[in-house]
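Please study the sequence and the three-dimensional structure shown below. The exercises after it are to be worked through in order.

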Amino acid sequence: MIGERRALAEELTQRWSALSVEDVPASPFVLLGSAEAMVDQLQAQRARWGISYYVVQEPYAAALAPVVARLAGR
């Protein structure tokens, strides 16, 4: 999974040249990887920055549903 997240981050740096491969997965604006990886990332962001509310664009809502289901009640 770590390799998958890195590959996705590398792809995004082609569009966002100001960010490094390490910056992308650390950003609170990007979720990468499996549902479990996203859950871990969201929980880490809540602990670090107190972020507990996100807005998701409608085309991505269904894809994020497994993540929301895993976070429900946590």
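The model is predicted: local features need pLDDT of at least 70, side-chain atom pairs count only at pLDDT 80 or more, and totals for chains, interfaces and linings use all residues. Residues are numbered from 1 along each chain as its sequence is written, and side-chain values use heavy atoms, with hydrogens and water left out.

**Exercise 1.** Determine whether Gln41 is buried or exposed, and state which residues it touches.

Solution. 
- Step 1. Locate the residue: Gln41 belongs to helix H3, residues 35-49. A helix here is a DSSP run (H or I) of at least four residues, numbered from the N terminus.
- Step 2. Apply the accessibility classes: buried means under 20% relative accessible area, exposed over 50%, and partly exposed in between (1.4 Å probe, protein chains only). Gln41 counts as buried because its relative accessibility is 7%.
- Step 3. List the contacts (heavy atoms within 4.5 Å). Leaving aside residues up to four places away in sequence, Gln41 touches Arg5, Pro25, Ser27, Val30, Leu31 and Leu32.
- Step 4. Examine the polar atoms of the side chain. One lies 2.5 Å from the backbone oxygen of Val30, and the backbone oxygen of Ser27 lies 3.4 Å from a polar atom of the Gln41 side chain.

**Exercise 2.** Describe the salt bridges that Glu10 and Glu11 form.

Solution. 
- Step 1. Recall the criterion: a side-chain nitrogen of Lys or Arg within 4 Å of a carboxyl oxygen of Asp or Glu. The whole structure contains 4 salt bridges.
- Step 2. Glu10 pairs with Arg6 at 3.4 Å, N to O. Both lie in helix H1 (residues 2-15), 4 residues apart, about one turn of the helix.
- Step 3. Glu10 is partly exposed at 35%, and Arg6 is partly exposed at 42%. Together with Glu22, these residues are linked in a network of salt bridges.
- Step 4. Glu11 pairs with Arg15 at 3.3 Å, N to O. This pair also lies in helix H1, 4 residues apart. Glu11 is partly exposed at 44%, whereas Arg15, at 59%, is exposed.

**Exercise 3.** State which parts of the chain the salt bridge between Glu36 and Arg70 links.

Solution. 
- Step 1. The side chains of Glu36 and Arg70 meet at 3.4 Å, N to O.
- Step 2. Glu36 is in helix H3 and Arg70 in helix H4 (residues 58-71); the two are 34 residues apart, so the pair links distant parts of the chain.
- Step 3. Glu36 is partly exposed at 37%, and Arg70 is partly exposed at 38%.

Definitions and conventions: Polar contact = N/O pair within 3.5 Å; in protein donor to acceptor, adjacent residues only side chain to side chain.
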